[in-house]
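Subject: Structure handover

Hello,

Here is the structure for your set. My notes on it follow below.

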Amino acid sequence: MKTITSTEDLAEFCTRAASAPYVTVDTEFLRERTYYSKLCLVQLAIPGSAEEDAVLVDPLESGLSLEPLLELFRNTDVIKVFHAARQDLEIFYIDHGVIPEPLFDTQVAAMVCGFGEQVGYETLVKRIAKQQLDKSSRFTDWSRRPLTDAQKKYALADVTHLRVIYEFLADKLAETGRARWVTEELAVLTDPETYITRPDEAWQKIRTRSSSPRFLALVRALAAFREEYAQSRNIPRTRVYKDDALVELASTKPATLDDLGRSRLLLREARKGPIAEGILAAVQAGLDCPKEQLPQAEDERDQLQVNPALADLLRVLLKAKTESSGVASRLIAPAAELDAIAAGQRDVKALQGWRHEVFGADALRLCEGRIALAAKGKTVAVIEI
């Protein structure tokens, strides 16, 4: 098991990889104590069975530059293969401004090829590579050195078996003509916007019971301050204050440090100093927000004019399409999109691209009363009207 600790050795491997059709990639990182992920290890493998065809790269080694790897990522002649790539790609984009391309994500491909929803790497190793993974090192501290042999073996397995999985799925996509579907899905992963967290948009991920615009303005200001503070100090946002404390603050609207001291959910560190000052300023900003700039809650099911019978029929149609195509239902259309379609909305993903071919076209015909659904043995048949 070779561990690369010098820029020269990394450049040598990346030069070999530049002549390969693909390279499999994985990372190990820590994020429990930071806002941004700390890259601790990079695993790489190219086609072949020789020991030097799969390596570990130690980015914590003093003097090692990842530039040869970044140059490989920019090389569009080599496919970069990941499994569940989002967090890996975020690290390389945030740290180096690079998104590997062309990209292949075996988790996305597996969902398209009938392996179910959010299929795990271990499952694919069992079903495709016919191997068992030793997961005993999964939750170890990857920042500690030296790495144990068990850690190295575990890490390498994440890219060596991935070669078999990639080749199987790539062949399957070629046979079924669905490679374009995967390419459409990967557009989100290759878009830099996916990895940018803007403080003024952070409030949209906070779950609240109230949809009052003034209350949401307070949530927005408090969430923006928390995000800015966490980013600037590279600490988890929960170390500033948790979501339930944020919602409590938006409800109680503290105006003084004494008010903060009466909070039930606020951490002790947040009741004084720069966090306390930021909270009070955010609350005041929310209260002072002009009426025309107040945020609005997104439409929910009970606010949409949903036809419940039609929504139920769309669910039946989706199940039938899932069974006939082998594509995971959640990938085709989540429940919220079915409700949106039943409410008359047409600007949803389920009606676009490859989804239109698999589900969207018949979904629209069902909404227009041009087809019906009928039980046919254990399946559901589409009947022309």
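Is Cys14 buried or exposed? Cys14 counts as buried, at 5% relative accessibility; the cut-offs are under 20% relative accessible area for buried, over 50% for exposed and partly exposed in between, with a 1.4 Å probe and protein chains only. Cys40 is buried as well, with a relative accessible area of 0%.

Before the rest, the ground rules. This is a predicted model, in which local features need pLDDT of at least 70 and side-chain atom pairs count only at pLDDT 80 or more, while totals for chains, interfaces and linings use all residues. Residues are numbered from 1 along each chain as its sequence is written, and side-chain values use heavy atoms, with hydrogens and water left out.

Disulfides

A disulfide is taken as a pair of cysteine sulfur atoms within 2.5 Å, and by this rule the count is 0. The sulfur of Cys14 has its closest cysteine sulfur in Cys40, 19 Å away, which is too far for a bond.

Pocket and cavity

Both terms come from a 1 Å grid over the protein atoms alone: a cavity is a set of points where a 1.4 Å probe fits but cannot get out, a pocket is an open set with protein on both sides within 12 Å along at least five of seven lines, and lining residues have an atom within 4 Å of a point. Grid points are joined across faces, edges and corners, and a volume is the space filled by probe spheres set on the points.

The largest pocket has a volume of about 820 Å³. Its lining has 26 residues, and Glu28, Phe29, Gln87, Arg138 and Tyr154 lie nearest the centre. Helices (H or I, at least four residues) and strands (E, at least two) are DSSP runs, numbered from the N terminus. On that basis β2 (22–30), α3 (86–96), α5 (121–129) and α6 (149–176) each supply at least two lining residues, with the largest share, 6 residues, coming from β2. By class the pocket lining has 10 nonpolar, 6 polar and 10 charged residues. Here Ala, Val, Leu, Ile, Met, Phe, Trp, Tyr, Cys and Pro count as nonpolar, Asp, Glu, Lys and Arg as charged, and the others, Gly among them, as polar.

There is 1 cavity of 30 Å³ or more. The largest cavity has a volume of about 50 Å³ and is lined by Arg31, Tyr36, Ser37, Glu90, Ile91, Ile94 and Asp95.

Backbone

A cis peptide bond joins Glu101 and Pro102, with omega about -5°; Pro102 is in the loop between α3 and β6 (103–105). Another cis peptide bond, with omega about 5°, joins Arg145 and Pro146, and Pro146 sits in the loop between α5 and α6.

Helix α8 (residues 213–233) has 21 residues and reaches 30 Å from its first C-alpha to its last, close to the 30 Å expected at 1.5 Å a residue, where the expected span is 1.5 Å times one less than the number of residues. Asn234 follows α8 with a positive phi, near 50°, and is partly exposed at 30% relative accessible area. Lys253 has a positive phi of about 50° although it is not a glycine; Lys253 lies in the loop between α9 and α10 (257–261).

Annotation

An unreviewed UniProt entry places the feature "domain: HRDC" at residues 212–293. UniProt positions are in the numbering used here, feature names are shortened, and annotations may be inferred rather than shown by experiment. In the model this span is 63% helix and 0% strand, and its end C-alpha atoms lie 13 Å apart.

Regards
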